[in-house]
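Reader: I have the sequence and the model open side by side. Could you walk me through the fold while I ask whatever comes to mind?

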Amino acid sequence: MATSITLSALYSFADTFYNSTAVVNTADNNIFGGPKTVYHINIVSGSSGVAYVKLYDALTATVADDPAMIIKVAAGQTENVAIPDGLAFGTGVCMRCVTTGGTGGVTDPGGGNVAVIVVGS
């Protein structure tokens, strides 16, 4: 399940938060509905093994596409990735989570969900 909300009253610029409680191989496509600059990513892994969260500058993403960013998360760990200057996604933001680093991989993390919050503006 995923939600997207705007909380501009709490921040000095119009941040948009995207929250997915279970990111898997099948991409969460165009999560902001168009171009965004990403400033922060929070990942909580309930997986029993290493997971790789991959972000794509695209409207849709598959294993055949090259990720713009790959974040490795150890089993049962939390990763917070701050991007102070932002990472611009000129087309859209998509994300997938698999057990293989690099550009490949189609296996969903096992043993528990990988939850991801992405903050963009």
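Reader: How many bridges join S3 to S8, and which way do the two run?

Author: S3 and S8 run antiparallel and are joined by seven bridges, where strands are DSSP runs of E with at least two residues, numbered from the N terminus, and two strands pair if DSSP finds at least two bridges between them. Within S8, Ile117 is the residue that stands opposite Asn42.

Reader: What is the mean pLDDT of the chain?

Author: The mean pLDDT of the protein chain is 90, with 88% of its residues at 70 or more; pLDDT is the predictor's confidence in each residue, on a scale from 0 to 100.

Reader: And where does pLDDT stay under 50?

Author: That is the case over residues 4–11, for which the model has 15 contacts beyond four places in sequence, a contact meaning heavy atoms within 4.5 Å. Where pLDDT is low, the predicted coordinates should not be read in detail.

Reader: Back to S8, then. Why is it described as largely enclosed?

Author: Strand S8, residues 114–120, is largely enclosed by the rest of the structure because five of its seven residues are buried. Buried means under 20% relative accessible area, exposed means over 50%, and partly exposed is in between, using a 1.4 Å probe and protein chains only.

Reader: Which side chain makes a polar contact with Tyr18?

Author: The side chain of Asp28 does, at 3.0 Å. A polar contact here is a pair of N or O atoms within 3.5 Å; within protein, one must be able to donate a hydrogen and the other to accept it, and residues adjacent in sequence count only if both atoms are side-chain atoms.

Reader: How many aromatic pairs does the count come to?

Author: The count comes to one aromatic pair, under a rule by which rings of Phe, Tyr and Trp (its six-membered ring) pair if their centres lie within 6.5 Å, with planes under 30 degrees apart counted as stacked, over 60 as edge-to-face and the rest as tilted. The rings are those of Tyr18 and Phe32, whose centres are 6.5 Å apart and whose planes stand at 75°, so the pair is edge-to-face. The pair links distant parts of the chain, since Tyr18 is in strand S2 and Phe32 is in the loop between S2 and strand S3 (36–45), 14 residues apart. Phe32 also counts as buried, at 14% relative accessibility.

Reader: Switching topic: which strands form the open sheet, and in what order?

Author: Three strands form an open sheet in the order S5-S4-S7, with antiparallel pairing. The edge strands are S5 (69–73) and S7 (93–98), each of which pairs on one side only. Strand S4 (residues 51–57) pairs with S7 over six bridges, and Met95 in S7 is the bridge partner of Leu55.

Reader: Last one: how many helices and strands are there in the chain?

Author: The protein chain has zero helices and eight strands, helices being DSSP runs of H or I with at least four residues. Of the 121 residues in the chain, 40% are buried.

Conventions. Residues are numbered from 1 along each chain as its sequence is written. This is a predicted model: local features need pLDDT of at least 70, side-chain atom pairs count only at pLDDT 80 or more; totals for chains, interfaces and linings use all residues. Side-chain values use heavy atoms; hydrogens and water are left out.
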